[in-house]
2 protein chains.
Amino acid sequence: VNELQGGITAPRGYLASGIHCGIKKRKKDLALLVSTAPAATALSLTTNRVLAAPLIVDREQVERSPWMRAIVVNSGNANACTGARGLDDAWGMVRTAAAALGIRPDEVLVSSTGVIGQFLPMDRIHRGIHTAVSALNATSHVDAADAIRTTDTFAKEVAVSFPLEGVDIRIGGMAKGSGMIAPNMATMLAFVTTDLHITPAVLQHALRGAVARSFNRITVDGDTSTNDMVVVLANGQAGNRELSTPTCPAYKTFYEALEHVLVRLSKMIVLDGEGATKFVEILMTGAASEEEAVKAARAVANSNLVKTAIHGEDANWGRILAAIGYSGIEFEPADVEIFFGAVPILRRNYAIDFSEEDAKHVLKQKEITIRVDLHRGGSAAAFWTCDLSKSYVDINANYRT
Amino acid sequence: VNELQGGITAPRGYLASGIHCGIKKRKKDLALLVSTAPAATALSLTTNRVLAAPLIVDREQVERSPWMRAIVVNSGNANACTGARGLDDAWGMVRTAAAALGIRPDEVLVSSTGVIGQFLPMDRIHRGIHTAVSALNATSHVDAADAIRTTDTFAKEVAVSFPLEGVDIRIGGMAKGSGMIAPNMATMLAFVTTDLHITPAVLQHALRGAVARSFNRITVDGDTSTNDMVVVLANGQAGNRELSTPTCPAYKTFYEALEHVLVRLSKMIVLDGEGATKFVEILMTGAASEEEAVKAARAVANSNLVKTAIHGEDANWGRILAAIGYSGIEFEPADVEIFFGAVPILRRNYAIDFSEEDAKHVLKQKEITIRVDLHRGGSAAAFWTCDLSKSYVDINANYRT
């Protein structure tokens, strides 16, 4: 794939805007994304049993008919745990956006992120939606990416293009998320656009696979949230032959580009982990199955003890082995090998013979790969996490107030 | 039960000592506990698949014959992930202690805590065991409790007495543990003595039940360790009629006293959680089963987001509800009620109407009870945890070096 500028508006037929409507004091807090043509829509929602109001609305919308033209997103307030009134408010956002854009209400999705348990200031949001409609254009992708941020320190965007049966296809994406990121999609939002022509069912199939290998492979603090969602819109404006089965070569080409985009956005979220100073890849190899590799890698990536040791640049491999020990997988501890970057730290039969200098050199980097070989089979999986710093505590001890 | 002084030497027929043998620079690092008569022995070990050498030895010892006379414990080095040589070293500690005490090697247990992946300095330990034998007496319980500490900021001891069929029975205990504490027994050691006359099988039955409601209900950081163990010795010196079935009233009396002792030690471990400034009880009520209550309470107690909010004295009830949401239990979010101390924070149907003042007043205390009512049934469970502070990061970023 080729990297492009342009984020969510890089693909043909998309407009965006991001404005300040007054949920936050000064920063942008309302984003609007519009497709000029009805777009096949795929949706992936949090596994948390407490579903925020917008997720309940979106699930209903996509189940009724998976063809959308607009998404309205606010930050600063999650509209979660707000009961019947929260649900009314979410539908209100849908209706206002539809009216302002001159489209049907069943063509609009809604999304929220921020504090839980407070009602949305609906008067400001209604006014804000009208402002956002006036601001729509094909170059405001950064405004939109800014408007969905909460504790994010930077806007997260990506865009790529690739040839498919002689046609140039583009995919763009934006995401938010920094704290509360965990496997199974935690307080993170991602909105992906493409001009590919594809059926909703095949698009949903591709999204399911790509989320499993991207957003469900990252963790900041192990908590999962009430509001997470990933949406993909595909409006067909590239003019390719409709992609209607996951068994053709064209599907594989598209799937790989989509996974690439989602992995890029996932890594940006980890890089922006609350208080994170290091990006860490846990590469679990030699597993008996991919599932086993993911299970072991997740335990290591979620361990506060591993994450603080990495923050302290301490080659504490014992904590890595202990985390695999309680991950629930079957394995022989004496067979395990651990590498920091290219430096072997632990060899089979607990052979330890590394220079603290070499280990320290790797741990001093901003990006660290920890590779574990379980010596059980040929499967592997990567998991991405960050270190645990004192700033994490600062940020989260006083988020609400 | 009546509270006593005297820790592990409060029951009749026990001697203890705690000395410096040279694993640590200056602090005490070797403890010895001796029963003057063979004691029925019950053992509970970590669920981590990576078992430290002393645990492998102890499991074998107790399986062969559950009658012990001595336990030797070192701190500063966990003798974990040390392979065949580590196993030899653990057996070496057993043989040296047996020889120095003039008892059989199959009457000695061994335990270690500290850094993973380094070999024990066996010459120092052999000499230290002889010094510890010379120092044995019936009043050195504090020395022993000191000698098993690692990052613990205080020695953890408890002793109680209670009447059983007209006989005065005593139970004493000591524990260590501050970081890496999680359900299923994580880097914590507890040694409990009693002068009760009881069969090993009934003692093991009581220990299993009491651990499930004490050490497996605490969490500091969710990691579980390679070295955790709880041992109970019962030497029969109180002179009661042998307790040989868990169905008699005497068993219930003893079980409740044992659970009381283990819960007291568990709470001390949480109070000493690395960097902890607050002790938090999560009381999950209205659950459909005790198992469900434990599952939901554990998710709340393990949430970094909940723990940092409590550290910041922020009444962020949304994080509590979100944690229950990903705990894996079935429930209706709109039915949940949350109380901080006596202050209702969230009522049914997401009714929120509390004074920030009142909530703050509760959160300012050193000990906080968060009660959740799921409104699903009549079962409940308590779980104990602490807040997550910046000191936790400090302590764990540089533990090994």
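User: Which strands does helix 6 of chain B lie across, and at what angle does helix 6 run to strand 14 of chain B?

Analyst: First, the conventions. This is a predicted model, in which local features need pLDDT of at least 70 and side-chain atom pairs count only at pLDDT 80 or more, while totals for chains, interfaces and linings use all residues. Residues are numbered from 1 along each chain as its sequence is written, chains are lettered from A and ligands numbered from 1 in the order in which they are written, and side-chain values use heavy atoms, with hydrogens and water left out.

Helices (H or I, at least four residues) and strands (E, at least two) are DSSP runs numbered from the N terminus. Contact means heavy atoms within 4.5 Å. Axes are lines fitted to C-alpha atoms, for helices over the stretch in contact, and angles run from 0 to 180 degrees between N-to-C directions. Here, helix 6 (residues 249-271) of chain B lies across strand 10 (279-287), strand 13 and strand 14 of chain B, at about 40° to strand 14.

User: What is the strand order of the open sheet in chain B?

Analyst: Two strands pair if DSSP finds at least two bridges between them. The order is 12-11-13-10-14 in chain B, with mixed pairing. Strand 12 (343-346) and strand 14 (379-386) of chain B are the edges, each pairing on one side only.

User: Which residues stand opposite F339(B) in strand 13 and strand 12 of chain B?

Analyst: In strand 13 of chain B it is R371(B); in strand 12 of chain B the bridge partner is P344(B). Strand 11 (residues 337-340) of chain B runs antiparallel to strand 13 (residues 367-373) of chain B, with four bridges, and antiparallel to strand 12 of chain B, with three.

User: Is T285(A) buried or exposed?

Analyst: Buried means under 20% relative accessible area, exposed over 50%, partly exposed in between (1.4 Å probe, protein chains only). T285(A) is buried, at 15%. Its place is in strand 10 (residues 279-287) of chain A.
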